[in-house]
Amino acid sequence: MTASRARTPRVVRPAVLWAALLTGVLTAILLRGGLGINLLLITIPAAAAAAIAALDHGRRLRPWSVVWAVAGLTLLLIPALRDAWWPSFLAVAAAAFLGSLALHGGRNWPSVLLGGVGLWFAPVPAIGWALRGMRERAGRSRSRLLPMLKTAGVTAALLVVFGALFAGADAAFADLLAGAMPDVTVTDAPLRVLLLVVGTLFALSAAWTAAAPRRWDRIEVKPGRSRRRAEWALPLVVLAALFAAFNAVQLAVLFGGYEKVLATTGLTYAEYARQGFWQLLVVTLLTVVVIGLASRWAPRDTDRDRVLVRSVLGTICVLALIVVASALRRMDLYVDAYGLTRLRISVAGMELWLGLLIVLIMAAGVLGARWLPRAVAVSAAASVLVFGLVSPDALIADQQVSRFASTGKIDLAYLRNLSADAVPELDRLPEPQRSCALEKIVKHLRGDTTEAWYTTSLGEVRARSLLDGRPPRDIRPCDAAGLEGYYDEWRDPSLP
C-alpha cells in the first residue's frame with residue numbers, strides 16, 4: 001500500500017515560531033511537579049501555532065477536524081478534575097491521538113489509525129522547517145533583531161524591579177506572586193531546559209503537520225480475495241451454533257438459579273463468577289476480529305451473497321452481545337463477593353465499550369460502513385471521557401463502603417491506596433475504619449503542600465477541604481482491634 005507524501009511547506013511564519021516558543025516556555029514553567037490544568041494551558045498556544053500554519057497553507061477548517069480538536073482539549077480537563085493517575089493517563093493518551101487525527105484528517109481505517117499516531121513522525125522534519133525559516137527571516141530582519149532584544153531586556157527588568165517592590169510593600173501580593181510563579185532552583189534548571197525544548201518541539205511538530213499533513217486517506221488497500229461461500233459461511237455458522245449453545249446455558253442458569261450450577265460444578269459463588277469473566281472478555285475481542293476478517297473475505301457479488309453475509313454476521317453480533325451481558329453479570333457477581341477494584345472496573349469498562357463496538361458494527365451492516373472508522377474513534381474517546389468524569393476511585397470507595405454497611409466486609413488495605421478522589425466516599429465510614437482508610441491519603445496530601453495551583457486537581461481541593469473540617473484521628477487507627485489484618489481475610493488472593 002502507498003500513501004501520498006506530505007507536500008513541502010512554505011517558509012514558517014514568525015507567528016508560528018513565537019507560538020511554539022511560548023509553548024516551550026509554558027511547558028518549562030508549568031509542567032514540573034504534576035498534571036492539572038497546566039496541560040490544557042500548554043496545549044492552547046501549540047494549537048494556535050497549528051492553526052496559523054494551516055491557514056497560511058490554505059487548509060480549510062473541516063467539521064471533523066473541529067470534532068477531534070474539541071474532543072482532545074476536553075479530555076485534557078480530566079487531569080484537572082481527578083487526582084487518580086490512571087484515568088488521567090488514559091485521557092492524555094486519547095487526547096494525543098485525537099490531536100494528531102485533527103491535524104491529519106481522514107475518514108477511512110488507514111487514515112484514522114495512522115493519522116492518530118502520525119504526529120510522532122513529525123519532529124525531525126519540523127526542526128528542519130523551523131531552522132530554514134529562522135535563517136531566512138534572520139537574513140531579512142537582521143537590523144531589527146537588536147532593538148527587539150533590547151525591548152525584551154527592558155521589559156524583563158521592569159517586571160523584576162517593580163514586582164519585587166510591590167511584593168515588599170504588601171504581604172498578600174507577595175503570597176500571590178509566590179503562588180503564581182514556579183520555584184526554580186539551580187538543580188532544577190536542566191529539567192526546565194529539557195521541558196522547554198520538548199514543548200517547543202511539540203508545537204513545531206503540530207504546526208508542520210498542519211501545514212503539510214501526510215494524506216493517509218489516500219492509502220490504497222487492496223480488497224481481500226473473496227472466498228467461496230462454503231469456505232467462510234460454514235465456519236461462521238458453526239461458530240454461531242456454539243455461541244447459541246453457550247448462551248442457552250447462560251439463560252438456563254439465569255432463570256434456574258445459581259444454586260443448582262454450584263452444586264453440580266462444586267464451585268463457590270465467587271469462583272463461578274471469576275472463572276468465566278476473563279475468558280468471555282477474550283471471546284468478545286476475538287469475535288470483533290472474526291467479524292472484521294469475515295467482512296473482508298466474504299463475497300458480495302450477488303444479492304444472495306449480501307443477504308447471507310448480513311444474516312450470519314448479524315446473528316453472531318447478537319449472540320456476542322449476550323456474551324457481553326453474561327461477562328458483565330459475572331463481574332457483578334464477583335464484585336458482590338470481593339468488592340470493586342481498579343482492575344475490575346477497568347476491564348468492565350472495556351467490556352462495555354466492546355459491546356458498543358459490536359452495536360456499531362451491526363448498524364454498519366444495515367446503513368453502510370463508510371462512517372464506521374470515525375464512529376469507533378468517537379466511541380473510544382467518549383468512553384475515556386466518561387470513565388474519567390465518573391471518578392473510578394470514588395466509585396470503588398462508594399461500592400466498598402456500601403458493602404461494608406450491609407455485610408461488614410471491607411478491604412481497608414486496598415482502600416488506603418486510592419487517590420484523593422475517594423475521600424468524600426471514605427469519609428462515610430465509621431471510626432476507626434475511617435481514619436485507617438484515610439491515613440495514607442492524608443500523608444500524601446500533607447506532603448504536597450508546595451503544589452502549585454496549575455498542578456492541583458479538583459479532587460485534591462475537595463479532599464483537603466473535607467479533611468480540614470474533619471481530620472482523621474491522630475492515632476494508629478489500623479492497629480486498633482487488629483482491623484487491617486481482620487479485613488484482609490476478605491481479599492481474593494487470585495486477582496488484584
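Arginine 62 lies in the loop between helix H2 and helix H3 (63-75), helices being DSSP runs of H or I of at least four residues, numbered from the N terminus. The model is predicted, so local features need pLDDT of at least 70 and side-chain atom pairs count only at pLDDT 80 or more, while totals for chains, interfaces and linings use all residues. Residues are numbered from 1 along each chain as its sequence is written, and side-chain values use heavy atoms, with hydrogens and water left out.

Arginine 62 has 48% relative accessibility and therefore counts as partly exposed (buried is under 20% relative accessible area, exposed over 50%, partly exposed in between, with a 1.4 Å probe and protein chains only). Together with Arg60, Arg107 and Arg370, Arg62 forms a positive surface patch. Patches consist of residues with over 30% relative accessible area and no salt bridge, like charges being joined within 9 Å and nonpolar side chains within 5 Å. A nonpolar surface patch of about 480 Å² is made by Val154, Leu158, Val161, Phe162 and Leu165; valine 154 is placed in helix H8 (residues 142-169).

Helix H2 (residues 38-56) has 19 residues and should span 27 Å at 1.5 Å a residue, which agrees with the 28 Å between its end C-alpha atoms; the expected span is 1.5 Å times one less than the number of residues. Buried residues of H2 include Leu39, Ile42, Pro45, Ala46, Ala49, Ala50 and Ala53. Glycine 58, which follows H2, has a positive phi near 75°.

The count of salt bridges comes to 9, a salt bridge being a side-chain nitrogen of Lys or Arg within 4 Å of a carboxyl oxygen of Asp or Glu. In one of them, aspartate 56 pairs with arginine 10, the closest N and O atoms being 3.9 Å apart. This pair links distant parts of the chain, 46 residues apart: aspartate 56 is in helix H2 and arginine 10 in the segment before helix H1 (14-30). Aspartate 56 is partly exposed at 22% relative accessibility, and arginine 10 is partly exposed at 46%.

A salt bridge also joins aspartate 427 and arginine 470 (3.2 Å, N to O). Aspartate 427 lies in the loop between helix H19 (423-426) and helix H20 (433-447), and arginine 470 in the loop between helix H21 (458-469) and helix H22 (483-488), so the pair ties together parts 43 residues apart in sequence. Aspartate 427 is buried at 16% relative accessibility, whereas arginine 470 is partly exposed at 38%. Through shared partners, salt bridges join Asp427, Glu431, Arg434 and Arg470 into one network.

Notes. Helix = DSSP H or I, 4+ residues; strand = E, 2+ residues; numbered from the N terminus. Areas by Shrake-Rupley, 256 points an atom, 1.4 Å probe, with all protein chains shown as cover. Lys, Arg positive; Asp, Glu negative; His and termini not counted. Charge placed at Lys NZ, Arg CZ, Asp CG, Glu CD.
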